[in-house]
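I will start with one residue and then move on to another part of the chain.

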Amino acid sequence: MYLNACLLFEELQKAFPVRRTGPVVRDEHLNPPLFYRPGMKLEPNQIYIGQGSQFDPEAIPPERSCIVSVGELPPGYLDSQAGCILAEEPLEVSELFNQVQIIFETFRRWELQMEDIAQHDTGIQEILERSQPFFEGNFFLMLDVNYRVMATTSEHAYVMDQTGRTPYSVQTRFKKDPEYTRMRYHRETFLYRGLYFDHDILTHHIFINEELCGTFTLTEKESPITDGRWTLFNRLARIVTGFYRQRFYLLHSSALPPAAAFSHLLSGEMVSAQDLSQSLKSVGWELEDEYAVCHISVHESDKKIRSVSYLCQQLEAVLVCALAVEHQTDIAVLLNCSKFAARPGDSQDAFHTFLEETMLQAGISRTFRGVMQLKNYYHQARAAIQVGSSVHPDRPVYRFTDYLMSYMLSNIPGDIEVDSLCPEGLLTIREWDRKKGASYLQTLDTWFRTGCNATRSAKELYINRSTFLERMARIRKLLGVDLEDYDARLYLMICLRLMERYCE
């Protein structure tokens with residue numbers, strides 16, 4: 001059992017008045033307790049419980065053993081390298097033994113529970129929740145290398161924002177702290193006392209294939225981090241690391257890397273829902289999350305300054321919850337809007353700044369659920385740039401929703417002349433306006449825009465209602481179209497927009 005004298009002492013303190021002597025050895029593995037009998041040979045990694053006066057004063061207890069006594073021990077024991085715990089009389093040795101046995105069995109059951117959870121692949125969150133009772137007044141936090149929160153036993157608002165990451169302000173503190181930077185690639189558990197925090201943090205970094213993949217921490221909240229809690233956290237960190245490594249290999253051996261799955265979908269290749277789901281889960285995403293696609297056009301002159309792969313890396317660093325890949329010499333970015341959520345904040349500002357500094361422009365599709373239709377929405381992102389840049393050439397970002405009508409109108413005529421798509425009556429009214437200096441087209445358009453409301457239309461045209469009605473009577477006669485028919489009105493509204501766009 002991964003139990004040491006520090007942890008045993010702290011647990012006994014809850015039941016009896018005890019004191020402790022000896023060195024702090026955090027990696028002891030103590031075996032089940034034994035009653036001490038005079039003349040018994042003392043072995044390492046063993047807990048011995050007895051009356052202090054019965055211990056052989058000539059014996060020297062070995063290192064990594066633990067002596068628990070009722071009453072004072074001989075001086076040689078207190079000066080040895082063994083952990084010694086002394087309880088005050090008149091406590092019975094049997095009562096002390098029973099309490100130590102309970103403590104040992106409690107931690108033994110916990111260890112078996114951890115092994116069972118790891119075998120059944122239930123998740124790191126359950127490991128932390130089952131362990132929380134042993135760390136009362138502290139909380140756990142598990143992050144991946146991109147500061148995404150994988151599991152926590154604290155209130156979510158305390159450790160993460162609505163994007164699922166640790167708050168940007170906290171990340172900044174860590175990154176600017178030279179002590180944390182120095183220890184970033186430390187491979188053992190270490191105590192971090194930050195310049196910006198009034199509490200201690202036990203930290204254990206998770207490495208897979210020599211690469212830093214995540215961070216597991218115990219944060220002091222209401223209770224201080226003791227030597228015993230350090231011992232137990234170190235054991236738990238090794239369990240979590242083993243579980244994380246097992247999950248990492250499982251996901252990466254059986255699923256496409258997320259960027260590869262993204263590229264396949266963009267190219268129109270088939271990816272099964274199961275493979276896609278596993279790929280997304282490796283970055284903490286779900287198949288039915290809400291997404292958007294971003295297209296960034298990269299000119300040949302830009303590639304001489306910096307590579308497309310470098311720009312993709314920069315974009316993933318700037319944007320929260322994003323995958324960026326090179327696609328047909330340009331950049332495609334998949335944004336997880338469910339993780340990005342309602343607080344884009346600093347990431348959105350940083351994205352705009354990135355585009356301005358690199359002199360690039362981005363088109364963003366409408367949001368959608370389920371990534372199987374990703375290729376269709378990528379076409380929206382491309383169209384947003386094509387249409388938007390012709391209307392507003394200096395903007396860094398073009399959203400397809402802002403240019404949807406313009407896109408539809410630009411694709412209606414095709415190779416057909418606009419005049420041949422419009423009804424003869426509408427063309428007649430246009431000629432009447434040109435020859436007579438009238439404004440019948442404007443009158444008809446205003447009537448449509450006001451929801452076919454005569455009073456509001458007259459007000460917008462600065463004419464009285466009776467004059468407006470007279471004009472509409474002439475328009476109806478010239479059009480020869482039933483304006484009470486919904487389809488006819490829709491057809492005329494589209495024709496008006498096409499004439500406005502394509503005809504002088």
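Predicted model: local features only at pLDDT ≥ 70, side-chain atom pairs only at ≥ 80, totals over all residues.

Does Met 493 count as buried, partly exposed or exposed, and why? Met 493 counts as partly exposed because its relative accessibility is 30%, where buried means under 20% relative accessible area, exposed means over 50%, and partly exposed lies in between, with a 1.4 Å probe and protein chains only.

Residues are numbered from 1 along each chain as its sequence is written, and side-chain values use heavy atoms, leaving out hydrogens and water.

Met 493 sits in helix 22, which covers residues 486-502; helices here are DSSP runs of H or I with at least four residues, strands are runs of E with at least two, and both are numbered from the N terminus.

Let me turn to Asp 289, which lies in the loop between helix 10 (273-281) and strand 11 (290-296). Asp 289 is buried, with a relative accessible area of 11%. Setting aside neighbours within four places in sequence, Asp 289 is in contact with several residues, including Asn 336, Phe 368 and Arg 369, contact meaning heavy atoms within 4.5 Å.

For the chain as a whole, there are 22 helices and 16 strands, and buried residues make up 49% of the 504 residues.
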